[in-house]
Amino acid sequence: MNEIQEAPSTGDATPAYLIINADDYGYFDHVSQGILECACTGTVTATGVFANSPHLEKHAAWLHEQPDLDIGVHLNLTDRQPLTKSLGNALGKWNGHFPGKFPIARAILARHIPLGLIRDEWRAQIDHCLASKLKLRFLNSHEHIHMLPSLYPMTLELAHEYGIDHVRFATPEWPGTWSANALLRDGIMAALSMLNRMHRPSATPIFLGMGESGRISPQYLQRLLNRLKAGNIYELMCHPGFADKEGKADERLRAYHDWDLERRALTHPILSSALAAHNIRLIGYRHLRARRKRLQVVQEVSP
């Protein structure tokens with residue numbers, strides 16, 4: 001391995017450290033409200049903001065009431081419309097909207113979309129969050145599109161440009177259910193993480209949650225927490241929310257996401273008990289410092 005993780009010893013035993021990071025804040029009202037409920041219970045410690053959400057101003061105002069929740073930008077190229085006119089024009093084949101992850105990935109890999117347009121779009125998304133007075137601590141992306149080999153170095157450059165310390169390094173989590181879709185997803189992520197590893201300038205939290213993405217259950221959390229190792233620093237990706245009772249999401253999204261299941265799993269009292277039983281401390285990105293190849297917990301974290 002090319003990274004070292006260091007965490008201060010607390011008491012007689014060194015804990016494992018865990019960031020619980022909710023993706024898709026701003027996607028829909030019911031998603032943001034579910035994330036905020038999890039943050040209020042103290043389990044979700046970070047969230048990535050969907051910067052091209054038409055509801056960003058309203059949802060950003062809700063975040064201002066959560067000063068202990070770390071905020072990042074959930075960079076997007078696969079859903080809704082771009083913020084920049086130039087990229088919208090380049091998406092004329094799709095009527096100015098972002099297509100799904102596979103069409104956009106093919107277009108980027110074939111160089112049908114100039115990387116400069118993507119850089120400008122992602123700058124606009126970051127700027128949009130900053131204009132909403134959000135303090136940004138990390139970058140990741142919707143459907144992990146930033147892990148494409150041409151986009152991951154760009155994401156690192158943008159993080160440096162904006163003084164953002166952390167960029168998610170997504171890796172596969174081979175699932176217990178060997179479905180064709182899961183094998184395809186994790187095979188792709190394994191290849192992308194291998195290609196991008198040479199560009200990673202510093203250690204990152206060990207990534208979790210890919211195997212049960214969209215459907216994290218209490219049973220999954222119990223299995224997961226049982227295997228976290230003392231002294232390591234982890235990030236759990238999750239997608240909590242309330243049930244989509246108004247039918248705001250399309251059928252594909254509703255089939256993928258059980259937002260309410262994840263919200264209930266992350267707010268269940270058994271989670272706090274399991275964290276204590278396994279000596280796991282919840283932290284945010286604010287508690288981390290990356291120095292060359294070292295990732296350190298540098299602020300005192302209460303149990």
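Colleague: How many cavities of 30 Å³ or more turn up in a search of the whole structure?
Modeller: Two. A cavity here is a set of points, on a 1 Å grid over the protein atoms alone, where a 1.4 Å probe fits but cannot get out. This is a predicted model, with local features needing pLDDT of at least 70 and side-chain atom pairs pLDDT 80 or more, while totals for chains, interfaces and linings use all residues. Residues are numbered from 1 along each chain as its sequence is written, and side-chain values use heavy atoms, without hydrogens and water.

Colleague: What volume does the largest cavity have?
Modeller: About 50 Å³, taken as the space filled by probe spheres set on the points, which are joined across faces, edges and corners.

Colleague: Which residues line the largest cavity?
Modeller: Pro218, Leu221, Gln222, Leu225, Ala265, Ile270, Leu271 and Ala274, where lining means having an atom within 4 Å of a point. Helix 8 (218-227) and helix 11 (269-277) each give at least two of the lining residues. The largest share, four residues, is from helix 8. Helices (H or I, at least four residues) and strands (E, at least two) are DSSP runs numbered from the N terminus.

Colleague: What is that lining by class?
Modeller: Seven nonpolar, one polar and no charged residues. Ala, Val, Leu, Ile, Met, Phe, Trp, Tyr, Cys and Pro count as nonpolar, Asp, Glu, Lys and Arg as charged, and the others, Gly among them, as polar.

Colleague: Switching to aromatics. How many aromatic pairs are there?
Modeller: Five. One of them is Tyr27 with Phe28, which is stacked because the ring centres are 4.7 Å apart and the planes are at 25 degrees. Rings of Phe, Tyr and Trp (its six-membered ring) pair with centres within 6.5 Å; planes under 30 degrees apart are stacked, over 60 edge-to-face, the rest tilted.

Colleague: Are Tyr27 and Phe28 buried or exposed?
Modeller: Tyr27 is buried at a relative accessible area of 0%, and Phe28 is buried at 10%. The cut-offs are under 20% for buried, over 50% for exposed and in between for partly exposed (1.4 Å probe, protein chains only).

Colleague: Why is the pair of Tyr152 and Phe169 called edge-to-face?
Modeller: Because the planes of the Tyr152 and Phe169 rings are at 75 degrees, with the centres 5.6 Å apart. This pair links distant parts of the chain, 17 residues apart: Tyr152 is in helix 6 (152-162), and Phe169 is in the loop between strand 6 (166-167) and helix 7 (180-196). Both residues are buried.

Colleague: Which residues form the aromatic cluster?
Modeller: Tyr27, Phe28, Phe50 and Trp259.

Colleague: And which residue lies over the face of Phe28?
Modeller: Arg80, at 4.9 Å from the ring centre. Arg200 has its charged end over the ring of Phe169, 4.2 Å from the centre. The test is NZ of Lys or CZ of Arg within 6 Å of the ring centre and within 35 degrees of the ring normal.

Colleague: Back to helix 6. Which of its residues are buried?
Modeller: Tyr152, Met154, Thr155, Leu156, Leu158 and Ala159. Just after helix 6, Gly163 has a positive phi of about 70 degrees.

Notes: On a 1 Å grid over the protein atoms alone, a cavity is a set of points where a 1.4 Å probe fits but cannot get out, and a pocket is an open set with protein on both sides within 12 Å along at least five of seven lines; lining residues have an atom within 4 Å of a point.
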